[in-house]
Amino acid sequence: MAAFFSSLQRTIIAGIVLLIVIAIIVGILSGQMIKPDHAWFTFFMRWLHVLSGVMWIGLLWYFNFVQTPSMPKIPDDQKPAVSKVIAPAALFWFRWGAAATVLTGLLLAWMNGYIVQALTFQKGAHVIGIGMWLALIMAFNVWFIIWPNQQKALGLVDVPAEQKAPAARLAGMTSRINTMLSIPMLFCMVAQQNAGM
């Protein structure tokens, strides 16, 4: 069992298989099997959107609540393990989680027929529109401010030594801005559908 769960790939596959088994059992018990129609694909896109968002915002909060505050407590000789191994891997999933969240969110809005209304703040789509624009700003920050500056700060690209500290500060400050924006963004995403706003 330990060997099975020591592999992330096998763990993910097991999660997908478990999901399929649960869907089949619930379908049999309820008499309502999955019907691959527009409503089901819209639900599936929403699930992918939430899954991607958990990856993105989970890593954003990991950076801000765990990694950044912990770095001063780590002995200098151990910091390369974080900056050379953990941070680059986390940043990979962070930026692609952001891209997947935005892409699935835009597809979901299109599938539900409110993409133009939300992005242009038309009546009935104000809250989701605010949430979408906050997410777009955050994704822009990830790809065009945080990631390029983290590459400099972590030494993933060659820059003069004096550019590393300012790059780290800018990436860190932008990450904090995204953390701040994530709070109303998540509220807006949930409120539109569930709070009648």
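Student: At what angle do H6 and H7 pack?
Tutor: This is a predicted model, so to speak of local features takes pLDDT of at least 70 and side-chain atom pairs pLDDT 80 or more, while totals for chains, interfaces and linings use all residues. Residues are numbered from 1 along each chain as its sequence is written, and side-chain values use heavy atoms, without hydrogens and water. The axes (lines fitted to C-alpha atoms, for helices over the stretch in contact) give angles from 0 to 180 degrees between N-to-C directions. The axes of H6 and H7 lie 8 Å apart, and their packing angle is about 160 degrees.

Student: Are H6 and H7 roughly parallel or roughly antiparallel?
Tutor: Take the angle of about 160 degrees. Under 35 degrees counts as roughly parallel, over 145 as roughly antiparallel, 65 to 115 as roughly perpendicular, and the rest as oblique. H6 and H7 are therefore roughly antiparallel.

Student: Is the crossing of H6 past H7 left-handed or right-handed?
Tutor: A crossing is left-handed if the near helix is turned anticlockwise from the far one by less than a right angle, and right-handed if clockwise. H6 passes H7 in a crossing that is left-handed.

Student: How many residues of the contact of H6 with H7 are nonpolar?
Tutor: Contact means heavy atoms within 4.5 Å. Ala, Val, Leu, Ile, Met, Phe, Trp, Tyr, Cys and Pro count as nonpolar, Asp, Glu, Lys and Arg as charged, and the others, Gly among them, as polar. In the contact of H6 with H7, 11 residues are polar and two are charged. The nonpolar residues number 23.

Student: How far apart are the axes of H4 and H6?
Tutor: H4 covers residues 79–111, and H6 covers residues 126–153. Their angle is about 155 degrees. That makes H4 roughly antiparallel to H6. H4 passes H6 in a left-handed crossing, and the distance between the axes is 10 Å.

Student: Which residues in H6 meet H4?
Tutor: On the H4 side are Leu91, Phe94, Arg95, Trp96, Ala98, Ala99, Val102, Leu106 and Ala109. This contact of H4 with H6 has 16 nonpolar residues, one polar and one charged. The H6 residues are Met132, Ala135, Leu136, Ala139, Val142, Trp143, Ile146, Trp147 and Gln150.

Student: How many helices does the protein have?
Tutor: Helices (H or I, at least four residues) and strands (E, at least two) are DSSP runs, numbered from the N terminus. The protein has zero strands. From the N terminus on, its elements run α-α-α-α-α-α-α. The number of helices is seven.
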